[in-house]
Amino acid sequence: MFEGVPLTWFLITGTIMFFVGIYGFLVRKNLITMLMSIELILNSVNINFVAFNKILYPGHLEGMFFTIFIIAVAAAEASVAIAIIINIYRRLVNIDVEKMNEMKY
Amino acid sequence: MIDFSYTVLILLIPLVVFVVVGLFGNRFKPIVSGLVGTTGLFIGWVLSIFTAYNYFFVSGKGAEGAFVKVLAFSMRWLNLTDKLHIDMGVLLDPISVMMLIVITTVSFMVHLYSIGYMAGEKGFSRFFATLSLFSFSMLGLVVATNIFQMYIFWELVGVSSYLLIGFYYTKDSAVAASKKAFIVTRFADLGFLIGILMLSYATGTFDFIKLTAPDSPALTSGQGVWFLGLSTMTWSMIFIFMGGAGKSAMFPLHIWLPDAMEGPTPVSALIHAATMVVAGVYLVARLFPIYHMNAVALDVVMYVGAFSSIFAAVVACTQYDIKRVLAYSTMSQIGMMMFALGVSGYGGEEGLGFMASMFHLFTHAFFKALLFLGAGAIIHAVHSNVMQDMGGLRKHMPITHATFLIACLAIAGIPPLSGFFSKDEILAAGHMKSMFLFIVELTVSGLTAFYMFRLYYNIFWGKNTHYHHTPHEAPLTMTLPLMILALGALFAGLVPFASLVTSDGMPFETHIELGVAIPAVLAGLIGITIATLMYRKETNVPERIFNTLGGFSKAAFNKFYIDEVYLFITKKILFNYVSRPVAWFDRHIVDGAMNGMAYVTNEASDRVKKLQSGQVQQYALVFVSGALLLALLFIYLWTN
Amino acid sequence: MTTNQLMFAIFAAVIIIFSILTVTSRRILRAATFLLFVLVATGGMYFLLRFNFLAAIQLTLYAGGIVVLIIFSILLTSHIGEKLEAPSVKKIIPAFIAAGFGAALCILTIVQHPFPQEVISSSERTDIRVIAKALISTEKFGYALPFEVISILLLAAMVGAIILAKKRKD
């Protein structure tokens, strides 16, 4: 409980956000929207981290630092992913994930 | 006691020459390769003579006046277990020192001769490299300290023989001959290997000194009856003799030797007359104390030797290729050596046959090498191997003629040439053992004289064949070895062998028994006389005799169809009833199983590969579902 | 309902609604905008939990950096008015079942779990100096090593992105 808000609420919010992200990743065809789904997933994890940190271990900062590092990794991942997407677009003139099956069997 | 460790050099020098000439021979001028090889062998020759002098006259004798075995050098080569190890080394005793002399002398002569004979040939350096390899292997064989070292060098000798027979590898017949020699001797060596394994299993040692000592384990262990009423030791000796018979071209493993004459003639002189083919004799002599204790094995040696000698002598009378005549003659003479070993006893005068065998080996090396080198000079001049193309050559090639005549007289056993003495000892030893075999060997000497002079007259006398260009005497590098070897053929018989090389090292006295010597000389003279009458002038007498004998002479001309028998056995029986079913089994069962496995895998993966659709989202779906199922499993279903 | 609860309810509602819209909207630029709202609301959550520094990072890096990057790439790869084709039902149904099942499983687990119930009134903000020291400290609870590793990762990502996106000469 944090000033009237229970930990469970944060966690449920994070969970819903996470599975919405999963759903988006599984369904969307456009590579950029898939990337956005991944951002949603990362953010839901971040919410869980900070909520755990604040409510269960108020004297510590681990959750926050993890969140910082996750944000940094997300930034790196986004930049590389977008570079790849642009490269793909240059070659195939679209970024539909279903058409990217050159390396199947 | 003199330190004999320098004898390692006799082995190492040819090896170094082989490596140097083999690797860099193509960059030298051909003559340089020849000179390097010849120089190497010359050093080896000098060292061998020095060793022989030191061994026989300075320090070879032990306390009791007998020659002892000297371990000049030994190193542990393969350490299998504490007890079982394979050594490499140099063992000096009367027979190995005698063999050192024979090998280095003939090899040196052949090297010298080859410089002239092979001049201008393609592969001149290769020839000398292989010749050095052969010399190294043969020397290693005779100085082997244990039977396994001997086996290794035995195979090396076989390889170099193979390489040299197939020297003209663009010629189909040479390739076939080299393969034949290799396969036949390999087959015989299988017996040798089995014999080695049985011997070492029974006695627990490879070492010659231990094996041939008076308290040898070979004399006590393995004596129980094992198979067909013979003991393990007897069987192992028979198997080892099989290897020796293969290398020494004893009947029925002789079929490779006549074909081996496809090699260059100096090779025939060195390998297929003087050195390698007597390796079998040497092997039996080396293990003689054990053979002597196994009478059946020794009888096998005796009968095989006697039969081979008469068989080859008969065939030699009908052949027209001069090298083949010499090949069969070699086989016959080696048969006599084997025979002499077979009739020999052990120790002192009992060991007369042993001494005679070694003596004949020694003298035979000189006159047979001389005959081959002479034949080489003739072939060099006439460009043909066949007698019909020759005749009247004595005017064109005086030196060759003289030396060839000396060799013919020596091999015919005319006193006082070398062949007389050694052959006389063999006959004396045979006479002590069995009258029948004595007469057989006497016939062989008569036949030997006959076919050698048939050869001689056909080449040097007879019709005056018209040649395309007049045959000329060979160059000095070829005639010099002929003359040196002729000296050997003349005087080698004067060596007091009985006081140097004996079965147990104890010297003894020999004297010429007139009861043996007179029939022997008479047999030789009769052979020569008949040959003179038949071939001195060109007549049709030989043809009429040939036709009178009908089937027999035809069979002899066709080498008694031994080759055909082999072909029948291999082609008709082995190929049809063994190889074909095996090939069928291999093609259908073994390959079938493999192909079936490949087919099943292929089919299965064809079905399964659709799973890998290339759709990332499908993969992700499977991954998420799996993770969730695992979570469900671990959180709710697998509690406690 | 306290202020905090109200704030939480608003942020949570924004997060859930706009994240659903993000993954369902057929106009890609709108989806990016909805993502921006989600990220801002997440930043609000951090403020609510008194992680001011983190919230600032969230706003500048995510809302200001990544979303802008995404929008740029959208502009590079698609037309603004373009409507994405609707995903096929064959994809939606298994994905929906998987996501729904997962959400149900997790929420069930969370609700059933006995978290400690005592009230923690830690409304104090974390001092930025403490964060700065912890980031470069090598002591216990110091993060010098991951900090350096992350910096190398960022450098590598930067170089990699440049190489990947560069126009090839061939």
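The largest nonpolar core of this structure has 209 residues, and those with the most contacts inside it are Val284(B), Val301(B), Met358(B), Ala369(B), Leu370(B) and Ala489(B). The model is a predicted one.

**Nonpolar cores**

**Chain A**

- Chain A contains three helices and zero strands, and from the N terminus on its elements run α-α-α.
- Of the 105 residues in chain A, 56% are buried.
- Helix α1(A) has 21 residues and reaches 30 Å from its first C-alpha to its last, which is close to the 30 Å expected at 1.5 Å a residue.
- A residue counts as buried if 20 or more other C-beta atoms lie within 10 Å of its own; 18 of the 21 residues of α1(A) are buried, so this helix is largely enclosed by the rest of the structure.

**Contact of chain A with chain C**

- The contact takes 63 residues from chain A and 70 residues from chain C.
- On the side of chain A that touches chain C, at least two residues come from each of α1 (7-27), α2 (31-56) and α3 (62-92).
- Helix α3(A) supplies the largest share of that side, 21 residues.
- By class, the side of chain A that touches chain C divides into 45 nonpolar, 13 polar and five charged residues.

**Contact of chain A with chain B**

- Here 10 residues of chain B are in contact with nine residues of chain A.
- The side of chain B that touches chain A has four nonpolar residues, five polar and one charged.

**A helix pair in chain B**

- Two packed helices are described by the angle between their axes and the distance between the axes.
- For helix α5 (residues 147-165) and helix α6 (residues 172-203) of chain B, the axes come within 9 Å and cross at roughly 175°.
- Angles over 145 degrees count as roughly antiparallel, and α5(B) and α6(B) are therefore roughly antiparallel to each other.
- Residues making the contact include Phe148(B), Tyr151(B), Trp154(B) and Ile165(B) of α5(B), together with Ala174(B), Phe182(B), Phe192(B) and Leu199(B) of α6(B).
- The contact of α5(B) with α6(B) has 14 nonpolar, four polar and two charged residues.

**Phe208(B)**

- Phe208(B) lies in helix α7 of chain B, which covers residues 208-212.
- Phe208(B) counts as buried because it has 23 C-beta neighbours inside 10 Å.
- Leaving aside neighbours within four places in sequence, Phe208(B) is in contact with Leu91(B), Thr145(B), Asn146(B), Ile147(B) and Arg286(B).
- One of these partners, Ile147(B), also takes part in the contact of α5(B) with α6(B).
- Phe208(B) and Ala144(B) are 64 residues apart in sequence, and their C-alpha atoms are 8.4 Å apart in space.

Notes
Residues are numbered from 1 along each chain as its sequence is written. Chains are lettered from A and ligands numbered from 1 in the order in which they are written. This is a predicted model: local features need pLDDT of at least 70, side-chain atom pairs count only at pLDDT 80 or more; totals for chains, interfaces and linings use all residues. Two residues are in contact if their C-beta atoms, placed from the backbone, lie within 7 Å. Helices (H or I, at least four residues) and strands (E, at least two) are DSSP runs, numbered from the N terminus. Ala, Val, Leu, Ile, Met, Phe, Trp, Tyr, Cys and Pro count as nonpolar, Asp, Glu, Lys and Arg as charged, and the others, Gly among them, as polar. Axes are lines fitted to C-alpha atoms, for helices over the stretch in contact, and angles run from 0 to 180 degrees between N-to-C directions. Angles under 35 degrees count as roughly parallel, over 145 as roughly antiparallel, 65 to 115 as roughly perpendicular and the rest as oblique. A residue is buried if 20 or more other C-beta atoms lie within 10 Å of its own, exposed if 12 or fewer, and partly exposed in between; C-beta atoms are placed from the backbone. A nonpolar core is a set of buried Ala, Val, Leu, Ile, Met, Phe, Trp, Tyr and Cys residues joined through C-beta atoms within 7 Å. The expected span of a helix is 1.5 Å times one less than its number of residues.
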